[in-house]
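Look at the structure below with charged side chains in mind. The text after it goes through some of their pairings.

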Amino acid sequence: MAAPGENLRINGDRLWDSLMEMAQVGPGIAGGCNRQTLTDEDAEGRKLFQKWCEDAGMTMGVDKMGTMFMTRPGTDPDALPVYVGSHLDTQPTGGKYDGVLGVLGALEVVRSMNDLGIKTRHPIVVTNWANEEGARFAPAMLASGVFAGVHSLEYGYGRKDLEGKTYGEELERIGWLGDEEVGARKMHAYYELHIEQGPILEAEGKDIGVVTHCQGLWWLEFTLTGKEAHTGSTPMALRVNAGLAMSRILEMVQDVAMSEQPGAVGGVGQVNFSPNSRNVLPGKVVFTVDIRTPSQEKLDRMRAKIEAEAARICEDLGVGCSVEAVGHFDPVTFDEELVGNVRKAAERLGYSHMNIISGAGHDACWAAKVAPATMVMCPCVDGLSHNEAEEISKEWAKAGTDVLFHAVLETAGIVE
């Protein structure tokens, strides 16, 4: 089997056109996308992706979590497939590229193989993982987590959104409840292309991030219980203020993350006050602390510090405190051979590159539990993501997909 030649490139214009067309499905209000998991917009995006894949000669399978698997056959019926993909779901105010580039880049790999008449020994499976974002149904990377055996199917189906709707009910409602057993498929390898979602590649002037590791993560959902009371007539000394406890915990999380530098982050992105009225002290505050680091030792230490200190803060204020871990994965070291394939591809194609650690979680983190896996990253403007202003260039998209193309062919085996 031959190595891919440096003249092999994807069609950058076609890729970009596909990205722009998908962005019209579930458009945001400020130039981005709102295509949250298991919404009508998600269903519409899935149908468009299905059509494109079937037009490219692929056949579809859908598992019981709603993940889509689009297969291009290989020449060896006994060879396990090379899986390539990411996710089409977005944040409520998401960008046009987060996740989508990885799915449509994988589709472009197959389209380019068709254009060039390339056959591979291993089948190629273009994958759209369901509920990667976790914006509507926590935790993130839910379907890939069930696939990898981290979560049970029952756990996945029971996840609820803020309106109390369950994942299982909504999956059936939009018509994307598949019949495949989740995790029954076996992988030869898994590749995922993604925008960096951080500023490093752009700042360093590099075209390609060769992803060697992914940070570990804990999402810790705190429920603080105080006493609802009038903000104007309740004396300061008599308040049981869950909002004040939350503010002190937020400051403490910042201090804990700073004490673990370099290579650790922590913060809070979601807060819900109840009753959320201007002149009522909150009786309940629910918020999620997000901590991440590529060091298992630091991750364990940060969680322990935060939970212990939060309990002390709440006790001092007479506020009730409970904590539930609603998202977690350990730090991931990606497969050395696949990482090498990405690096070789960048060098063969003449793209500048550097090693990078993914600051965000991705489906590749769970795929790595069941098969060799790695990622390819391209820059994004100012490192901005999970924002409608998220932006990349056509050249960055093409470079990342060219590298993905070569790495996938290296693993799938070109048949002369």
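What follows is a short walk through salt bridges. The model is predicted, so local features need pLDDT of at least 70 and side-chain atom pairs count only at pLDDT 80 or more, while totals for chains, interfaces and linings use all residues. Residues are numbered from 1 along each chain as its sequence is written, and side-chain values use heavy atoms, with hydrogens and water left out.

Side chains of opposite charge can pair when their charged atoms come close. A salt bridge here is a side-chain nitrogen of Lys or Arg within 4 Å of a carboxyl oxygen of Asp or Glu. The structure holds 23 salt bridges.

One of them joins Glu181 and Lys64, with 2.5 Å between the closest N and O atoms. This pair links distant parts of the chain, 117 residues apart: Glu181 sits in the loop between helix H6 (167-173) and strand E6 (189-195), and Lys64 in the loop between strand E1 (59-62) and strand E2 (68-72). Helices (H or I, at least four residues) and strands (E, at least two) are DSSP runs, numbered from the N terminus.

Accessibility comes next: buried means under 20% relative accessible area, exposed over 50%, and partly exposed in between (1.4 Å probe, protein chains only). Glu181 is partly exposed at 46%, and Lys64 is partly exposed at 23%.

Another salt bridge pairs Asp76 with Arg121, the closest N and O atoms being 2.8 Å apart. These two residues are 45 residues apart in the chain. Asp76 is partly exposed at 21%, and Arg121 is partly exposed at 29%.
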